[in-house]
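Here is a structure to read one part at a time. A request for a close look comes after it.

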Amino acid sequence: MGRYDFRPLRVHQTASQLFASERIKSVPPWHDVIGRVPPAQTLVRSQPLQHQERPRRPHIRKPSKLFQPRRIVYEEDSLRREFFGDHPWELARPRAVLENDGRDAERKDWSLVSQPDRPVDGEGVVQRQMFLLYGNPEKGQMPDPNMTPARAYDQARKEFYETRLQQDIERRIAKEEAMATGAYFGKSVLQVGMELEDKIFEEWKAWASAEVVQQEQKRAAMYTGVVNEAAALAEGDSEAEAALGEVEASVPNQGQEAFGGAVVRP
């Protein structure tokens, strides 16, 4: 056939020759259609060129990292990693990620960790720590020259804890005042969590009790089967001894005379 296969173009000719030589009884249903509308040559699949992979020479140097993008690293990233590593549950609090232009934090006065238009969170601690380290020269607020990252982190955390404690006290007092005037509050988060935990514990307790009963039943059935088998063997032995006792009287103690044979011994 050579490099190319032209058999798909000759199906009509091949079918006609087979019918003329009576090797097939009738022409295929597509015979007349292929004769009127022959297939185009563009539908014939050609074999693609095979490219051989050349082995790489070992002395060729690897491409340099000149055209690779540089890794973007901010100093705040290490501060965030440290704070959220010490306070992982802060990540579970809902946060508002909507900003105007991405530089809203630069317009805040981070001389205090709490801001009037945003909640106190871990990002506020990070920005407060950056303010203690570098200040705000644009507003004439210069940093303390003796301030270190560890001292700034401790001071920012202390202010964060005090602010959170003050907010908790305010919420508790507001709730007590509302309850004193007849307000009713639903279950707290801790109460809901304890109820869910008690429910799961009761389900596990029922499952464990059923498993213990099932294991005891299996253990009892195993020992009961051995006892019954031994009792059956003992009963069979007693029946065999009784049968031997019945026929023992009819068996002579000594052999009897046999005519034309040897003496039979018990």
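Student: Take me through α5. Which residues of α5 are buried, and what do the buried residues of α5 pack against?

Tutor: First, the ground rules. This is a predicted model, in which local features need pLDDT of at least 70, side-chain atom pairs count only at pLDDT 80 or more, and totals for chains, interfaces and linings use all residues. Residues are numbered from 1 along each chain as its sequence is written, and side-chain values use heavy atoms, with hydrogens and water left out.

Now the setting. The protein chain has six helices and zero strands. Here a helix is a DSSP run of H or I, at least four residues, numbered from the N terminus. Along the sequence the pattern reads α-α-α-α-α-α. Of the 266 residues, 14% count as buried, meaning under 20% relative accessible area with a 1.4 Å probe on protein chains only; exposed means over 50%, and partly exposed lies in between. Take contacts between residues at least 6 apart in sequence: 48% of them join residues at least 24 apart. A contact means heavy atoms within 4.5 Å.

Next, α5 itself. Its 32 residues should span 46 Å at 1.5 Å a residue, and the end C-alpha atoms are 47 Å apart, which agrees. The expected span is 1.5 Å times one less than the number of residues. Seven names answer your first question: A152, Y153, A156, E159, F160, T163 and R164 are buried in α5. For the second, these buried residues pack against α3 and α4. After α5 comes G182, with a positive phi near 105°.

Zoom in on A156, a residue of α5. A156 counts as buried because its relative accessible area is 0%. Neighbours within four places in sequence aside, A156 is in contact with V125, R128, Q129 and L132. Q127 belongs in the picture too: 29 residues separate A156 and Q127 along the chain, yet their C-alpha atoms are separated by 9.1 Å.

Turn to one partner, α3. This helix covers residues 75–86, twelve in number, and reaches 18 Å from first C-alpha to last, close to the 16 Å expected. Its buried residues are E76, L79, F83 and F84. They cover an arc of only 120° around the axis, which puts them on the same side of α3. The arc is that of the directions from the helix axis to the C-beta atoms. R81 and G85 are exposed, on the other side of α3. What covers the buried residues of α3 includes α4 (122–134) and α5 (149–180).

The three helices meet again at a pocket. α3, α4 and α5 each supply at least two residues to the lining of the largest pocket. α4 gives the most, with five residues. In all, 37 residues line this pocket, and D104, A105, W110, R118 and Q127 lie nearest its centre. A pocket is an open set of points on a 1 Å grid over the protein atoms alone, where a 1.4 Å probe fits, with protein on both sides within 12 Å along at least five of seven lines; lining residues have an atom within 4 Å of a point. The volume of the largest pocket is about 1,000 Å³. A volume is the space filled by probe spheres set on the points, which are joined across faces, edges and corners. By class, its lining has twelve nonpolar, seven polar and 18 charged residues. Asp, Glu, Lys and Arg count as charged; Ala, Val, Leu, Ile, Met, Phe, Trp, Tyr, Cys and Pro as nonpolar; the others, Gly among them, as polar.

The second largest pocket has a volume of about 180 Å³. D168, R171 and R172 line it.

H31 sits in helix α2. At 11% relative accessibility, H31 counts as buried. Beyond neighbours within four places in sequence, H31 is in contact with H12, A15 and S16. E22 lies in the loop between α1 (11–20) and α2 (31–36). E22 counts as exposed because its relative accessibility is 70%. Although not a glycine, E22 has a positive phi of about 60°.
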